[in-house]
Amino acid sequence: MGLFIDIITNEKVLNNMIESRLALLKNLTLLLVEDDEKLLKNLKTTLSLFFKNIITSNNGSSALKLYEKNCVDVIITDYVMPIMSGYELCVAIREKNKKIPMIIISNHTDQDKLLKSISLNLSEYLVKPLEYATLTKALLKIILKMEENNSLIEYISPSLKYNIITKELYNNEEKMFLTKSEIAALEFFVKNKNQLISSDKISFAIETGGNKSEQAIKNIVYRLRKKLGKDIIENVQGLGYILNIK
């Protein structure tokens with residue numbers, strides 16, 4: 001009886017640990033790419049249980065544009081699609097981001113496709129039809145890998161760090177308040193660190209359609225520069241801004 005109770009208790013502890021890990025996804029944005037409209041809809045419904053935001057696309061080309069305009073944390077894409085395949089999409093994104101978790105799904109257990117994808121450092125390669133248990137295991141693997149690689153924390157400077165999961169900025173372990181717009185802008189800066197980005201691109205990252213005025217963007221960046229330091233966010237007169245991270 002005692003052994004049976006221990007087994008039940010251990011299972012509950014394990015399930016709680018899994019749930020707490022998966023709950024971390026609730027602050028993340030997923031880019032979901034699938035050309036089958038019905039499957040895309042079903043996947044979005046299921047994955048909305050885990051992710052805060054889901055951006056969808058039905059081909060790799062438009063997905064790449066969405067990735068460039070938005071702050072995306074995780075990518076799940078079909079392999080075979082029109083215009084640009086899921087593999088080509090992941091290759092293009094890997095050139096810009098070595099750490100972002102990626103899952104490729106495919107209709108076939110094609111060995112060539114699987115071997116070709118190994119170099120992308122995927123979190124998982126899944127074969128359709130997808131089962132709920134298989135999907136949740138893949139999502140759990142993403143979180144564990146992010147924790148293992150310490151990619152949940154972005155170090156902006158020796159004293160400044162940003163937690164991607166909790167959306168919190170710390171200066172020497174002291175939490176700094178950020179507005180929703182400041183968080184969106186900071187994440188876009190971090191994603192494009194050491195690159196010149198225009199006010200228009202920041203506007204799109206903060207609000208769908210890029211409806212923020214230039215003055216509004218200046219105000220948001222001004223507040224961020226006060227919190228991070230003017231040397232960290234460089235103002236390139238008339239062109240945009242650069243987040244300088246060594």
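Two strands are said to pair if DSSP finds at least two bridges between them. In this predicted model, strand β3 (residues 74-78) and strand β4 (residues 102-106) pair in the parallel sense, and four bridges join them. Within this pairing, Ile75 stands opposite Met102 in β4.

A wider view of the sheet comes next. Strands of a sheet pair through backbone hydrogen bonds, and they do so either parallel or antiparallel. Here the sheet is open and is formed by five strands in the order β2-β1-β3-β4-β5, with parallel pairing. At its edges stand β2 and β5 (124-127); each has a single partner strand, so one side of each is left without a neighbour in the sheet. On average, neighbouring strands of this sheet are turned by 15 degrees against each other, direction ignored.

Helices lie across these strands. Helix α4 (residues 86-96) lies across β1 (29-33), β3 and β4, and runs at about 170 degrees to β4. Helix α6 lies across β3, β4 and β5, running at about 175 degrees to β5.

Now to the aromatic side chains. A pair of aromatic rings is described by two values, the distance of the centres and the angle of the planes. Three aromatic pairs are found in the structure. In one of them, the ring centres of Phe50 and Tyr132 are 6.2 Å apart and the planes are at 35 degrees, so this pair is tilted. Phe50 belongs to the loop between α2 (37-47) and β2 (53-57), while Tyr132 belongs to helix α6 (residues 132-148), so the pair ties together parts that are 82 residues apart in sequence.

Tyr79 and Tyr87 form another of the pairs: their ring centres are 6.1 Å apart and their planes are at 15 degrees, so the rings count as stacked. The cut-off for a stacked pair is planes under 30 degrees apart. Both Tyr79 and Tyr87 are buried.

Conventions
Residues are numbered from 1 along each chain as its sequence is written. This is a predicted model: local features need pLDDT of at least 70, side-chain atom pairs count only at pLDDT 80 or more; totals for chains, interfaces and linings use all residues. Side-chain values use heavy atoms; hydrogens and water are left out. Rings of Phe, Tyr and Trp (its six-membered ring) pair if their centres lie within 6.5 Å; planes under 30 degrees apart count as stacked, over 60 as edge-to-face and the rest as tilted. Helices (H or I, at least four residues) and strands (E, at least two) are DSSP runs, numbered from the N terminus. Buried means under 20% relative accessible area, exposed over 50%, partly exposed in between (1.4 Å probe, protein chains only). Axes are lines fitted to C-alpha atoms, for helices over the stretch in contact, and angles run from 0 to 180 degrees between N-to-C directions. Contact means heavy atoms within 4.5 Å.
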